[in-house]
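Dear colleague,

Please find below the structure that I am handing over to you. My notes on it follow directly after.

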Amino acid sequence: MATAEKSAKTDKASKTAATKIARASGTKSTSANSDTRKKRAQAVATKSAARRATRASTKDDKSLSDLFEHALGDIYYAEKKIYKSLPKMIKAADQPELVEALTSHREETASQIEKLEAIFELLGKRAKAEKCDAIDGILEESESLLEDFGSSVAADAAIIFSCQAIEHYEITRYGSMRAFADALGMDEAKQLIDDILAQEKAADANLTELAEDSVNAAAAEYDDE
């Protein structure tokens with residue numbers, strides 16, 4: 001038994017060393033073929049469903065699938081918090097086009113939460129949020145800005161300013177998650193993330209258009225007085 005354990009540890013050490021050498025030299029792994037991707041995705045789902053808390057807490061045992069699952073819980077928490085915060089921004093917004101854009105994106109956010117829950121199901125896991133300090137900080141700042149600018153002529157500009165900070169955070173997170181899903185061969189999860197990412201980018205572009213076409217200029221007129 002001791003010999004078998006020693007051999008397993010040696011194999012793991014050799015594999016880790018080889019990985020580090022390849023990483024240091026800039027060597028890229030060859031793309032996995034279709035069968036390999038399917039097997040990898042199945043392995044990720046099996047591993048996720050069977051993972052125990054004690055194993056997950058062991059630093060050396062963490063892998064890309066663990067990071068993907070953490071990111072999933074993180075963004076799930078973020079989307080639920082964003083969904084709850086949007087009504088306050090909608091109420092504070094003045095320009096009809098901005099109200100419409102925020103209302104529409106809140107509906108999209110609800111569908112995004114459902115898509116994230118579907119990814120949890122693919123992993124054989126119950127949907128569980130992972131506290132995200134980053135989004136908490138961004139949302140706290142947005143509330144502070146509403147307090148400072150909510151009754152001013154720059155209210156709509158402040159709302160867009162806050163919302164784009166949220167969108168950019170989401171875009172970076174979903175971009176990373178998409179790459180993780182691709183590397184893990186999780187094609188269904190990747191497609192769901194692609195759908196969400198497209199919505200986030202469209203929402204950000206729409207906010208930029210509103211700001212540059214009317215909102216910023218309308219607020220700036222009062223600086224001329």
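**Helix geometry**

Helix H4 covers residues 64–92, and its 29 residues should span 42 Å at 1.5 Å a residue; the end C-alpha atoms are 41 Å apart, which agrees. Helices here are DSSP runs of H or I with at least four residues, numbered from the N terminus, and the expected span is 1.5 Å times one less than the number of residues. This is a predicted model, in which local features need pLDDT of at least 70 and side-chain atom pairs count only at pLDDT 80 or more, while totals for chains, interfaces and linings use all residues. Residues are numbered from 1 along each chain as its sequence is written, and side-chain values use heavy atoms, with hydrogens and water left out.

H4 bends by about 30° at Ser85, with the proline Pro87 following within four residues. The bend at a residue is the angle between axes fitted to the seven residues ending there and the seven starting there. Helix H8 (residues 187–220) has 34 residues and reaches 47 Å from its first C-alpha to its last, close to the 50 Å expected at 1.5 Å a residue. H8 has a kink of about 50° centred on Ala211.

**Aromatic contacts**

Rings of Phe, Tyr and Trp (its six-membered ring) pair if their centres lie within 6.5 Å; planes under 30 degrees apart count as stacked, over 60 as edge-to-face and the rest as tilted. By this rule the count comes to one aromatic pair. The ring centres of Tyr76 and Phe120 are 5.5 Å apart and the planes stand at 70°, so the pair is edge-to-face. The pair links distant parts of the chain, with Tyr76 in H4 and Phe120 in helix H5 (residues 96–122), 44 residues apart.

Arg106 lies over the face of Tyr83, at 3.7 Å from the ring centre. Such a placement requires NZ of Lys or CZ of Arg within 6 Å of the ring centre and within 35 degrees of the ring normal.

**Salt bridges**

With a side-chain nitrogen of Lys or Arg required within 4 Å of a carboxyl oxygen of Asp or Glu, the count comes to seven salt bridges. Asp74 and Arg173 form one at 3.9 Å, N to O. Asp74 lies in H4 and Arg173 in helix H7 (residues 155–183), so this pair ties together parts that are 99 residues apart in sequence. Asp74 is buried at 7% relative accessibility, whereas Arg173 is partly exposed at 35%.

Asp136 and Lys81 form a salt bridge, their closest N and O atoms being 3.5 Å apart. Asp136 belongs to helix H6 (residues 133–149) and Lys81 to H4, so the pair joins parts 55 residues apart in sequence. Asp136 is buried at 10% and Lys81 is partly exposed at 33%.

In the salt bridge of Lys190 with Asp182, the closest N and O atoms are 3.3 Å apart. Lys190 is buried at 18% and Asp182 partly exposed at 29%. Salt bridges that share partners join Lys81, Lys131, Asp133 and Asp136 into one network.

**Nonpolar core**

A nonpolar core is a set of buried Ala, Val, Leu, Ile, Met, Phe, Trp, Tyr and Cys residues joined through side-chain atoms within 4.5 Å. The largest has 48 residues, and those with the most contacts inside it are Phe68, Leu102, Ile135 and Met186. Helix H2 (34–50), H4, H5, H6, H7 and H8 each give two or more residues to this core. H4 gives the most, with eleven residues.

With kind regards

Methods
Buried < 20%, exposed > 50% of the residue type's maximum accessible area, 1.4 Å probe, protein only.
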